[in-house]
Amino acid sequence: MPAEILDGKQISSAIRQELAEQITEFVQKTGVTPGLATVLVGDNPASVSYVTAKGRTCRELGMLSFQHTLPATISEQELLSLVDRLNRDPQVHGILVQLPLPSHIRESQVLYAMDPNKDVDGFHPVNVGRLLIGEEIFPPCTPAGIQELILRSGTPTDGADVVVVGRSNIVGKPIAVMLMQKKPGANATVTVCHTRTRNLAEHTRRADILIVAAGSPKAVTADMVKPGAVVIDVGVNRIGTTESGKPKLVGDVDFEAVREVAGKITPVPGGVGPMTITMLMRNTLRAARLQVLGQP
């Protein structure tokens, strides 16, 4: 029997309904509307699309959206000056600088300049440290979305063997940390695999929960998956165009083949992607609560 599809659109829609109610309650209680500032440098089509979607979702949920679109030629110092202004703006509770940045701007300098209590992407070293010790305020959005998908699909994590393929600072490392914490929705035994892992399939076939963020189309095949496993595909790879001219997207998992083996699986698109923006909205509300009420 084919695997159950974990519908990220449906699950994220349910979470957004919950968030809309929480935002309304927060505004009524405090008189303050949560605000998110997005900063886009250049005109990369994918980045433009992401930032536009984030602004639209803010408005749909009843939050303020402040979008700053800057030329790719802007200097690092000019960008840092904008971040400083946003740090001091009381209407802005969350700041997101869309990555990647042009090569002449050091991403680390921009991230370090951000107020950690407005860093709703969770990339500032202070927030990375909070995550590591299990006291996170702003978990990175894609890993947070993965964890919600696992929890809301009714998948037990206590004692589960989790294998993460990929060790990026954005997905692989943080989701590994989150799922090994001693708390509900975690308590898993986590293995992290990467490009230097020997005999990758031996590890992936052990996984009760397999999270793939390898950045390589269809890298995980059916023979690499334990029957009945939960497979979370984080990859988004463009491999040409459809007949209508739209980009053709595939994940890091061979979806059609793995679907015949797995117990549950996320599609691409429509799996992890919608969850990422929803978790950004949740982090923005947390930031507003932290700055206005003193606790997230």
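In this predicted model, Thr-38 touches Val-51, Phe-66, Gln-67, His-68 and Leu-96, leaving aside residues up to four places away in sequence. Thr-38 lies in strand β2, and because its relative accessibility is 1%, where buried means under 20%, Thr-38 counts as buried.

Strand β2 covers residues 35–41, and seven of its seven residues are buried, so the strand is largely enclosed by the rest of the structure. In a regular strand the side chains alternate between the two faces of the sheet. In β2, Gly-35, Ala-37, Val-39 and Val-41 point one way, whereas Leu-36, Thr-38 and Leu-40 point the other way, and all of these residues are buried.

Strand β2 is joined by seven bridges to strand β3, which spans residues 64–70, and the two run parallel. Within this pairing, Phe-66 of β3 is the bridge partner of Ala-37, and Phe-66 is also one of the residues that Thr-38 touches.

Elsewhere in the chain, six strands form an open sheet in the order β1-β11-β8-β7-β5-β6, with parallel pairing. The edges are held by β1 (4–5) and β6 (189–193), each of which has a single partner strand, so that one side of each is left without a neighbour in the sheet. Strand β7 and strand β8 also belong to this sheet, and a bridge links Ile-211 to its partner Ile-232 in β8.

| Strand pair | Residues | Bridges |
|---|---|---|
| β2 and β3 | 35–41 and 64–70 | seven |
| β7 and β8 | 209–212 and 230–233 | four |

Taken as a whole, the chain has ten helices and eleven strands. With 296 residues, a compact globule would have a radius of gyration near 19 Å, and the chain agrees with this because its own value is 19 Å. Its C-alpha atoms fill a box of roughly 55 × 40 × 35 Å, taken along the principal axes. Of the contacts with a separation of 6 or more, 71% are between residues 24 or more positions apart.

Buried residues make up 48% of the 296 residues in the chain. The chain exposes about 14000 Å², of which carbon and sulfur atoms supply 51%. As for charge, there are 30 positive and 29 negative side chains, and the centres of these two sets lie 2 Å apart.

Note on methods:
Residues are numbered from 1 along each chain as its sequence is written. This is a predicted model: local features need pLDDT of at least 70, side-chain atom pairs count only at pLDDT 80 or more; totals for chains, interfaces and linings use all residues. Side-chain values use heavy atoms; hydrogens and water are left out. The radius of gyration is taken over C-alpha atoms; the globule rule is 2.2 Å times the number of residues to the power 0.38. Buried means under 20% relative accessible area, exposed over 50%, partly exposed in between (1.4 Å probe, protein chains only). Contact means heavy atoms within 4.5 Å. Accessible areas come from the Shrake-Rupley method with a 1.4 Å probe; for residues, only the protein chains shown count as cover. Lys and Arg count as positive and Asp and Glu as negative; His and the chain ends are not counted. The place of a charge is taken as NZ of Lys, CZ of Arg, CG of Asp or CD of Glu. Two strands pair if DSSP finds at least two bridges between them.
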